[in-house]
Amino acid sequence: MITLLTDNTMLAALIALVGLGTLFGGLLGYAAERFKVGSDPIVQQLDELLPQTQCGQCGFPGCRPYAQSIADGDAINKCPPGGQATINAIANLLDVTAPSLDEAHGEEEIRTVAYIREDECIGCTKCIQACPVDAILGAAKLMHTVIAEECTGCDLCVEPCPVDCIDMLPIVENIGQWQWPAPPNPIDLIATTASGMHEDAA
Amino acid sequence: MAFKQVSSPHSHARQSTGQIMQLVLLATLPGLLVLSYQFGWGLLINILIATISAISAEALILKLRNRPIEFYLRDYSAVVTAVLLGLALPPLAPWWLVVVATVFSIVIAKQLYGGLGSNPFNPAMVGYVVALISFPIEMTTWVTPVSLLAADVSHPGLLESLAIVFAGNSPVDGVTGATPLDLFKHSDGLLVEQIYQNNSLFSAASFAGVGWEWANVAFLVGGLALLKARIFTWHAPMAMLGTLALMSMLFWDGGSSNSPGSPLMHLFSGASMLGAFFIVTDPVSSAVSNRGRLIYGALIGLLVYVIRAWGSYPDAVAFAVLLGNFAAPFIDNYTVPRTYGHGQSRRATDKETSE
Amino acid sequence: MRRIWDTPGGVHPPDNKAQSLTSGIGQLPLPEKLILPLTQHVGGAAKVCVSVGEKVLKGQKLASASASISAAIHAPSSGWITAIEERAVAHPSGMSAPCIEITCDGEDRWIECMGYPDYKQATPLQLRNLIADAGVAGLGGAGFPSAAKLDRGTHMPVDTLIINATECEPYITADDILIRERADQIIQGIEIISHLLGTPKTILIGIENNKPEAIAALNQQCQGTGIEVVSFPTKYPSGGEKQLIYILTGKEVPSGQLPADLGMVCLNSGTAFAIKRAVIDGEPLISRITTLTGEACDINRNYEILIGTPVSHLLEQNAFNPDLCSRLIMGGPMMGFSLTSSDVPLVKTSTCILAPSHTEIPDGDPAQACIRCGLCAEACPASLLPQQLYWYARADDHERLQAHNLFDCIECGACSYVCPSNIPLVQYYRSSKGDIVNARTAKATAAVARERFEFRQVRLEKADTVRETKREARRLATEQAKITSPTTTQSSGSSAADIIKAAQLRGSTRQASPEQQKAKLERTLMAAEMRLKEAQQRLLQATTNGSADQQTQQLASVEAAKRKVEQTAQRLTEVSH
Ligand code: SF4
Ligand code: SF4
Ligand code: SF4
Ligand code: SF4
């Protein structure tokens with residue numbers, strides 16, 4: 001056997017390579033099994049990333065169905081409330097390049113909250129049926145009101161209201177929510193002054 | 001009455017990045033003077049060519065990148081790179097060699113990565129290594145130190161040097177020769193004592209190798225001055241020199257024919273001091289924390305010794321630094337300092353969030 | 001001599017304190033109007049207890065503490081309440097917040113004050129309430145309501161009381177001058193606090209050695225009281241609570257915990273003074289010492305100002321020249337914030353108004369690239385790596401920011417101070433902290449929305465099934481009636497046969513459905529069980545560290561989940577029989 005190998009260097013090399021390949025392949029396979037990182041099913045993870053506005057702008061009745069659809073291969077840029085941040089996060093999770101938001105589904109807007117002009121409400125309960133997160137309180141023929149903290153700003157209750165008494169109001173920032181903005185990019189800062197100087201010179 | 005909205009802190013220390021770089025330049029002066037004394041005009045010409053090409057290359061790229069040129073040139077980082085490169089390249093090297101090395105440093109190793117602060121590798125060393133690999137002959141032709149010149153030969157004068165550099169005239173015989181590290185490497189089979197005796201590069205030296213020893217001392221002085229001025233901390237340079245000394249002590253076997261050389265020779269030859277105080281301390285490409293810089297410096301010291309002793313290049317600072325640069329992010333991950341109020345330090349890649 | 005520890009990092013900015021120490025504490029003429037923001041510090045807004053048009057006396061309570069972390073507000077002078085509305089307040093944003101406006105009548109007439117000179121007879125709780133009623137809040141900077149701080153102290157045995165007289169920020173001399181002139185009252189205040197806390201073993205006053213007069217005054221007053229005055233080398237920021245505790249005791253407050261967890265309470269010397277006034281003299285906190293300094297004002301000195309005095313009033317009285325002024329800062333040059341307008345009132349936390357000239361604090365150059373020089377890391381008192389934080393802040397890498405302990409940054413500004421590239425590091429950190437907090441809240445609200453959405457889904461489903469079963473039952477009943485009743489069979493044979501066939505068909509489809517139903521129910525059961533488990537977990541969490549409100553909420557959701565599981569299980573057994 002040994003002599004056979006020493007005589008046939010070609011054969012020896014082959015055997016060595018195949019042997020090594022099997023060995024490392026086996027090792028890697030074992031490691032992959034042994035040190036597997038347990039993780040949530042992908043739909044769950046996707047759902048975690050979606051904004052849960054439940055607005056249906058993506059064309060699905062809620063965020064979870066859309067998460068399911070993404071897992072089945074749908075495009076990831078259909079959620080306007082989440083905007084670019086959500087698209088980036090999903091792209092990161094799925095390890096694909098992030099597309100920009102598909103305008104066909106809407107534009108990224110500032111968050112709003114629904115507000116019912118209560119004296120105009122006729123108590124038809126249509127908005128309650130439309131609200132995906134049960135954030136509207138009221139009973140038939142009685143005034144309705146929105147629980148502002150629970151409202152996701154999905155816009156779905158506005159359309160069904162027969163007397164048009166629901167407004168979507170932008171959330172105003174108060175002093176407690178204010179935060180320092182990130183400093184402007186120094187390059188932009190200088191670039192503007194520099195180009196300004198340029199114009200002066202010209 | 002309206003006033004400006006600015007984030008604290010409102011006052012600032014006076015030292016600016018440009019000033020730091022200028023101080024670094026100033027600190028290379030002693031080394032520069034000694035080297036020029038020892039090796040003639042070639043070095044100054046190198047530095048001049050390098051500086052001009054660095055500034056032009058930087059300006060060009062800034063223009064292409066649509067950045068304010070003057071503002072960025074004022075940080076002096078291009079000049080520092082150029083001067084370091086000029087000091088490292090052999091005197092009387094052809095002009096195009098210096099230009100290629102410099103332009104490569106600035107354009108490829110620095111600006112293409114996003115400019116100052118974003119380059120993972122030390123630009124000067126990248127330029128140096130590229131030149132070394134591409135033009136080995138030019139890069140290993142050093143000038144003989146002034147005290148070893150034969151009685152009838154002298155270093156070329158300024159005009160003559162310019163002719164050599166720009167017109168490709170070849171220098172007079174006897175002006176160029178090996179460096180001590182070179183010589184040592186290529187004297188296999190001789191006892192260290194024999195090498196020392198046979199060769200005036202060593203026999204005429206005070207403690208390491210003629211010409212180089214005093215240049216290294218000068219860089220050491222400049223470096224200590226920077227340390228005193230708190231431009232950098234002691235961690236990286238001391239770790240590097242310490243490891244280099246330690247390794248050469250361990251393997252210095254009293255001077256057999258296999259000995260890689262004495263600690264003194266290693267510390268004061270080649271680019272040891274220049275590297276320790278001007279290259280290893282380059283903050284951009286080194287590890288960030290003090291602990292990290294200790295490891296980083298030690299790693300470079302180790303690599304310098306390993307390559308010098310067992311590799312095929314006589315000097316190794318450039319390679320060692322680049323390898324150290326490679327390892328820096330990895331070192332950083334494990335050397336985040338312990339924050340006030342935390343039991344122990346964390347990894348840079350820790351997932352768990354602190355509330 | 002007590003051992004002193006040295007904090008890592010720190011910087012030595014020029015201290016610029018001499019100019020405001022040339023004269024003693026001054027008094028300002030009464031301003032025409034006083035504006036009192038309802039929130040002057042961290043914590044909840046105070047609850048207004050007066051109405052517009054009411055006449056108030058000096059020291060009368062205008063608003064009471066609303067929550068455990070909140071402080072009452074009193075009228076700093078007598079006059080009429082002329083407005084309760086949103087006004088621009090001293091805040092980096094320059095935004096408005098609810099305020100009470102008093103138009104002074106010039107009489108400055110006090111309400112009757114009830115002091116407690118023999119406070120030793122009072123219980124800790126009484127003293128604490130007295131302090132809370134007087135609206136005393138930390139006068140050093142953050143303005144944490146003192147009663148709340150002392151409260152924490154009463155829950156845990158306190159063995160060390162630390163009085164912070166460090167005043168490490170350049171320019172500010174309010175504490176220094178207060179100590180020089182009124183050290184006796186500060187010591188009295190400290191004794192009250194000590195009594196309230198059950199006489200801690202060690203009482204230390206920490207002060208930097210650049211205030212020799214103040215140290216001498218304290219030493220003189222402390223003789224025989226057991227209070228120790230510890231002076232240590234000047235370095236910014238040794239006045240941070242955590243830094244001071246380390247300097248004096250060598251202990252670190254664990255991240256996310258409070259000094260009280262280590263058995264320590266740390267109060268500012270000005271606060272001790274205010275507590276003395278509140279307890280012994282019965283005077284609520286209506287004034288404080290504020291330094292006015294900077295080259296844009298001719299006069300630099302300390303004033304005892306009434307809370308609510310507009311900054312513009314203070315400036316006018318001191319020959320302020322707006323053309324000279326590069327920016328207007330409330331607080332010191334390191335941690336103070338810029339005011340966008342001088343029409344804002346001074347509040348309990350206003351240590352200093354700094355009106356520097358353009359040469360004193362020039363407008364910074366634009367930021368250059370970070371060269372990773374590490375000067376910032378050398379300066380950081382919390383041993384953070386500011387250059388890495390900066391890098392990750394620019395990349396919006398929240399995970400790495402938290403791994404690098406962004407939230408342990410005290411925003412002292414030492415890093416920005418030394419940065420040769422002039423990078424506004426602290427602003428990056430502030431903005432990133434805000435972003436991270438926002439992301440956390442967004443995540444929490446999203447989770448709630450998801451839960452509510454899913455709950456609604458389940459509810460609709462349930463309603464559907466109920467309706468469906470009812471409809472089926474009705475139809476079945478009518479069919480049954482048709483078949484049995486002879487009148488219907490009479491009508492037409494073929495049609496009757498049709499109906500029967502149809503009914504059979506339906507029957508067969510129904511026959512198949514139990515299987516499906518069963519499968520579906522099984523799924524629902526599983527989901528319900530999972531939800532139950534989750535709810536139980538949440539309940540556990542809520543009971544260990546949630547509020548009572550959360551607990552009841554979670555309890556209810558556990559109950560609901562349980563019910564659901566039971567119902568489904570029952571239905572399942574029904575179907576499978
Ligand atoms: S578009 Fe609306 S429903 Fe669809 S994923 Fe986004 S938030 Fe959810
Ligand atoms: S839909 Fe409009 S009218 Fe009807 S209950 Fe809602 S708010 Fe009232
Ligand atoms: S001091 Fe400034 S330039 Fe230096 S490492 Fe820190 S952030 Fe970068
Ligand atoms: S501001 Fe934060 S990061 Fe900067 S020195 Fe202070 S604690 Fe350190």
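Let's start with one residue, C:Ser357. It sits in the loop between strand S17 (352-354) and helix H8 (375-379) of chain C.

A word on the model. It is predicted, so local features need pLDDT of at least 70 and side-chain atom pairs count only at pLDDT 80 or more, while totals for chains, interfaces and linings use all residues. Residues are numbered from 1 along each chain as its sequence is written, chains are lettered from A and ligands numbered from 1 in the order in which they are written, and side-chain values use heavy atoms, with hydrogens and water left out.

Back to C:Ser357. Is this residue buried or exposed? C:Ser357 is buried, at a relative accessible area of 5%. The scale is this: buried is under 20% relative accessible area, exposed is over 50%, and partly exposed lies in between, with a 1.4 Å probe and protein chains only. The side chain of C:Ser357 also makes a polar contact with that of C:Thr359, at 3.1 Å. A polar contact is a pair of N or O atoms within 3.5 Å; within protein, one must be able to donate a hydrogen and the other to accept it, and residues adjacent in sequence count only if both atoms are side-chain atoms. Leave aside neighbours within four places in sequence, and C:Ser357 is in contact with C:Glu295, C:Ala296, C:Leu324 and C:Ser326. Contact means heavy atoms within 4.5 Å.

A second residue of chain C. C:Phe232 belongs to strand S11, residues 227-232. C:Phe232 is buried, with a relative accessible area of 2%. Who touches C:Phe232? Not counting residues up to four places away in sequence, the list includes C:Ile4, C:Thr166, C:Gly206 and C:Leu248. For scale, C:Phe232 and C:Ser287 are 55 residues apart in sequence, and their C-alpha atoms are 30 Å apart in space.

Now the ligands. Around ligand 3 we find, among them, C:Cys370, C:Cys373, C:Cys376 and C:Cys419. C:Arg372 and C:Gln387 are also in that shell. A residue counts as near when one of its heavy atoms lies within 4 Å. By class, the shell of ligand 3 has 7 nonpolar, 3 polar and 1 charged residues. The classes: Ala, Val, Leu, Ile, Met, Phe, Trp, Tyr, Cys and Pro are nonpolar; Asp, Glu, Lys and Arg are charged; the others, Gly among them, are polar.

Ligand 4 has 13 residues around it, and C:Cys380, C:Cys409, C:Cys412, C:Gly413 and C:Cys415 come nearest. Helix H11 (414-418) and helix H12 (425-484) of chain C each give two or more residues to that shell. Its classes are 11 nonpolar, 1 polar and 1 charged.

Next, the interfaces. Chain B first. How many residues of chain B are in contact with chain C? The count is 49, against 67 residues of chain C. About 5,000 Å² is buried between these two chains, with carbon and sulfur atoms giving 51%. Buried area is the accessible area (1.4 Å probe) that two parts lose on being put together, summed over both. The rule finds 3 salt bridges across this interface. A salt bridge is a side-chain nitrogen of Lys or Arg within 4 Å of a carboxyl oxygen of Asp or Glu. One pairs C:Glu252 with B:Arg338, the closest N and O atoms being 2.8 Å apart. On the chain B side, helix H1 (17-39) and helix H16 (290-310) give two or more residues. H1(B) gives the most, with 3.

Now chain A against chain C. Here 32 residues of chain A are in contact with 29 of chain C. The two chains bury about 2,600 Å², 56% of it on carbon and sulfur atoms. A:Ile175, A:Trp180 and A:Pro183 supply 27% of the area that chain A buries there, more than any other three residues. The rule finds 6 salt bridges, including A:Glu150 with C:Arg452 at 3.5 Å, N to O.

Last, chain A itself. Chain A has 7 helices and 4 strands. Of its 202 residues, 30% count as buried.
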